[in-house]
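Please read the following briefing alongside the sequence and the coordinates. It gathers computed features by topic.

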Amino acid sequence: DGVIGTDDDQTPGECTQDLSGAPLQFTADWSGNLALQYATPISDNLELRSSIDVLFTDDYSVAADTDEVLSQDGYSKINARIAIGDPYGDWSVALLGKNLTDEKTTVWGNDIPLGQFGFYDSYFQIIDAPRSFELQARYRF
């Protein structure tokens, strides 16, 4: 299992790999999303809207070759939004919080493609944004 090099010392070269029975890329054993929304009038022309969602997943591989170095650990991310606006949805002002648990997660990763030029056993990853906050204004015309 794993990559087999052309030499006994695993130097780069033509390789083969048998992934029979290996999990698919980005496939966790379990994952899910739970979301709650709440809206209530605070006057005749004003409404308070809030929402929270939790995204959770078990660990999974971000690389197509299921390299264990590029395995994403399981995590839970929480996002929230609170808004004030008119009850018809024509305008609103909102505060959003994303990834409130500040989870460090990888969107994708792979081997560096220049292994034969001194980068053997090197990797790169594209990471998700850390905790962030946004102020959002919306107006429909």
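This is a predicted model: local features need pLDDT of at least 70, side-chain atom pairs count only at pLDDT 80 or more; totals for chains, interfaces and linings use all residues.

Residues are numbered from 1 along each chain as its sequence is written, and side-chain values use heavy atoms, with hydrogens and water left out.

**Overall fold**
- The chain has zero helices and nine strands, where helices (H or I, at least four residues) and strands (E, at least two) are DSSP runs numbered from the N terminus.
- Of its 141 residues, 20% count as buried, a class that means under 20% relative accessible area, with exposed over 50% and partly exposed in between (1.4 Å probe, protein chains only).
- Among contacts (heavy atoms within 4.5 Å) with a separation of 6 or more, 54% come from residues 24 or more positions apart.

**Core and aromatic pairs**
- The largest nonpolar core consists of five residues, Tyr-60, Val-62, Ala-63, Leu-70 and Tyr-75; such a core is a set of buried Ala, Val, Leu, Ile, Met, Phe, Trp, Tyr and Cys residues joined through side-chain atoms within 4.5 Å.
- Four aromatic pairs are found in the whole structure, a pair being rings of Phe, Tyr and Trp (its six-membered ring) with centres within 6.5 Å, and planes under 30 degrees apart counting as stacked, over 60 as edge-to-face and the rest as tilted.
- The rings of Phe-26 and Tyr-60 have centres 6.4 Å apart and planes at 50 degrees, so this pair is tilted.
- Because Phe-26 lies in the segment before strand E1 (31–43) and Tyr-60 in strand E3 (residues 60–61), the pair ties together parts that are 34 residues apart in sequence.
- Phe-26 is partly exposed at 42% relative accessibility, whereas Tyr-60 is buried at 12%.
- Thr-106, in strand E7 (residues 106–111), is buried with a relative accessible area of 10%, and its contacts beyond four places in sequence include Tyr-60 and Val-62.

**Salt bridges**
- The structure holds four salt bridges, each a side-chain nitrogen of Lys or Arg within 4 Å of a carboxyl oxygen of Asp or Glu.
- One of them joins Arg-49 to Glu-47 at 2.7 Å, N to O, and Glu-47 is buried with a relative accessible area of 16%.
- Another links Lys-77 and Asp-128, whose closest N and O atoms are 3.0 Å apart; Lys-77 lies in strand E5 (residues 75–85) and Asp-128 in the loop between strand E8 (123–127) and strand E9 (132–139), so the pair ties together parts that are 51 residues apart in sequence.
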